[in-house]
Amino acid sequence: MEFFTIILEKSSSRQVLPDNFVKMLDGHRPQNMKLRQADNGLGKLWDVEVVFDTDGSMYLDRGWKQFVRAYDLRHGYFLVFRYDGNATLAVKVFDTTMCRRRYQDDDDASMLCLFFLSIRLCLTPI
């Protein structure tokens, strides 16, 4: 399942998850979720506590603020979440230019870096 959200001022301390996502969990109420930058299978996993309010709404709570800070998420950023099962959400970040943000630890960026490093090594005289 995929869903999106837009970062608003109140999103910086905790993030509400859509009701349809909660329904998809079919009564399972995880205490924690893991977040990771999408397309970065070997990247850091962020442990985020999950809380439910009296109406049954689900929120990413403790740990969310650190994720927001680490990825420099700002007001107006568009996030696409993909539930990978095992209480893990992969997150794609789009900034206010409507383009996907790339981070230093993205797989694509890492592969490009390795490519240029290998070219440099091949061209270096021995």
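What share of the 126 residues in the protein is buried? Here are some friendly notes.

1. Buried residues make up 37%, where buried means under 20% relative accessible area, exposed over 50%, and partly exposed in between (1.4 Å probe, protein chains only). Please keep in mind that this is a predicted model, in which local features need pLDDT of at least 70, side-chain atom pairs count only at pLDDT 80 or more, and totals for chains, interfaces and linings use all residues. Residues are numbered from 1 along each chain as its sequence is written, and side-chain values use heavy atoms, with hydrogens and water left out.

2. The protein has three helices and seven strands, taken as DSSP runs numbered from the N terminus (helices H or I, at least four residues; strands E, at least two). From the N terminus, the order is β-β-α-β-β-β-α-β-β-α.

3. The seven strands form an open, mixed sheet ordered β1-β6-β7-β3-β4-β5-β2; strands pair if DSSP finds at least two bridges between them. β1 and β2 stand at the edges with a single partner strand each, so one side of each lacks a neighbour in the sheet.

4. Within this sheet, β6 (residues 78-83) and β7 (residues 88-94) are antiparallel, joined over six bridges. L79 has V93 in β7 as its bridge partner.

5. S13 sits in the loop between β1 (2-6) and β2 (15-17) and is partly exposed, at 38% relative accessible area. Beyond its neighbours within four places in sequence, S13 is in contact (heavy atoms within 4.5 Å) with D61, W64 and K65. The C-alpha atoms of S13 and V68 are 8.5 Å apart, although 55 residues separate the two along the chain.
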